[in-house]
Amino acid sequence: MNYEIERGDNFVLIKGDFFEIMDELRDNLRGKVGAVITDPPYGRAQYSNKFNKYLIPLSDDKRRKFVEFVSDVLMSRSYAFVCTNCFEYAKYVIDFERRGFELYGDVVIVYGQGAPKKYRLRDSHEHLLIFTRDIRKDVDINSFKNVYHTIRARGINRCHPVEFKNAPYEKIGVTVKPLMLLRKIVRTFTRQNELIVDMFAGSASIGESALLEGRRYLGVEIRDYVFEFALERLRKVERDIKEQRVIFYNYKK
Ligand SMILES: C[S@@+](CC[C@H](N)C(=O)[O-])C[C@H]1O[C@@H](n2cnc3c(N)ncnc32)[C@H](O)[C@@H]1O
């Protein structure tokens, strides 16, 4: 098993294969996680060879192991958020239902419009599925719409593709999640200091959102240059928080 751990004040970022360290993580995290918010690979163009092996959808076996892990580590009444596309949607619903969860909501995120022209993104969308076993009473989820949909990637849904300068293949991460939307999710569905776990961290948009909302974050990323990007980003966020250079709670509900 080959992995590396980097820590900040309120985050842990692990470089490695989630499936290799899953059992160790499970032992440490059982019942302690305030929310799993993650974006497993699903290869937007399944049938294209443009995507490397880390971006194709999880196999059935891995997807089930991932769902089982989520079920084991979540606190009893907390939520799991899983980004996916229409091909994988029903598979996640079935696997989560087998573990006693219900599909609570579906946030539709639309990409493309609003992104700088140089990225030449075509409009596409993805689903952020919300699963729960039991509605939490200590957070007010009524302020969150069950289905969140926008046709323009602006405001809360603004997407900022990131540039991986040292990347051997793709130079940008395009399914980077809208920060304001993630921050609202974090703020709505979890409480201060709770631990948010993201086993497919990518550029760590979820990590940044967690830290900016005063939560703790544990992320795992398998690719070196993406991990380096994420680590630098999380360190910068913590520096900015210490030096009071970030605006907290700057999104009107
Ligand atoms: C869809 S991307 C996440 C993008 C992220 N939401 C963002 O805002 O940048 C999925 C990430 O999971 C990583 N990944 C794929 N398989 C993995 C594994 N077995 N363990 C850990 N990370 C993995 C990929 O390298 C990729 O960066």
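Guide: Let's start with handedness: a crossing is left-handed if the near helix is turned anticlockwise from the far one by less than a right angle, and right-handed if clockwise. The crossing of α1 and α2 is left-handed. This is a predicted model, where local features need pLDDT of at least 70, side-chain atom pairs count only at pLDDT 80 or more, and totals for chains, interfaces and linings use all residues. Residues are numbered from 1 along each chain as its sequence is written.

Visitor: What makes α1 roughly parallel to α2?

Guide: α1 and α2 (residues 60-73) pack at an angle of about 15°, their axes being 10 Å apart. Angles under 35 degrees count as roughly parallel, over 145 as roughly antiparallel, 65 to 115 as roughly perpendicular and the rest as oblique. So α1 is roughly parallel to α2.

Visitor: Which residues in α1 and α2 meet?

Guide: Phe19, Met22, Arg26 and Leu29 in α1 meet Lys62, Lys65, Phe69, Asp72 and Val73 in α2; being in contact takes C-beta atoms, placed from the backbone, within 7 Å.

Visitor: Which residues come nearest to the ligand?

Guide: Of the 19 residues around the ligand, those are Asp39, Phe200, Gly202, Ser203 and Ser205 (near is a C-beta atom, placed from the backbone, within 6 Å). α1 (18-29) and β11 (216-221) are the elements that give two or more residues to that shell.

Visitor: Where does pLDDT stay under 50?

Guide: Over residues 149-154. pLDDT is the predictor's confidence in each residue, from 0 to 100. Where it is low, the predicted coordinates should not be read in detail. The protein chain averages a pLDDT of 83.

Technical notes. Helices (H or I, at least four residues) and strands (E, at least two) are DSSP runs, numbered from the N terminus. Axes are lines fitted to C-alpha atoms, for helices over the stretch in contact, and angles run from 0 to 180 degrees between N-to-C directions. Two residues are in contact if their C-beta atoms, placed from the backbone, lie within 7 Å.
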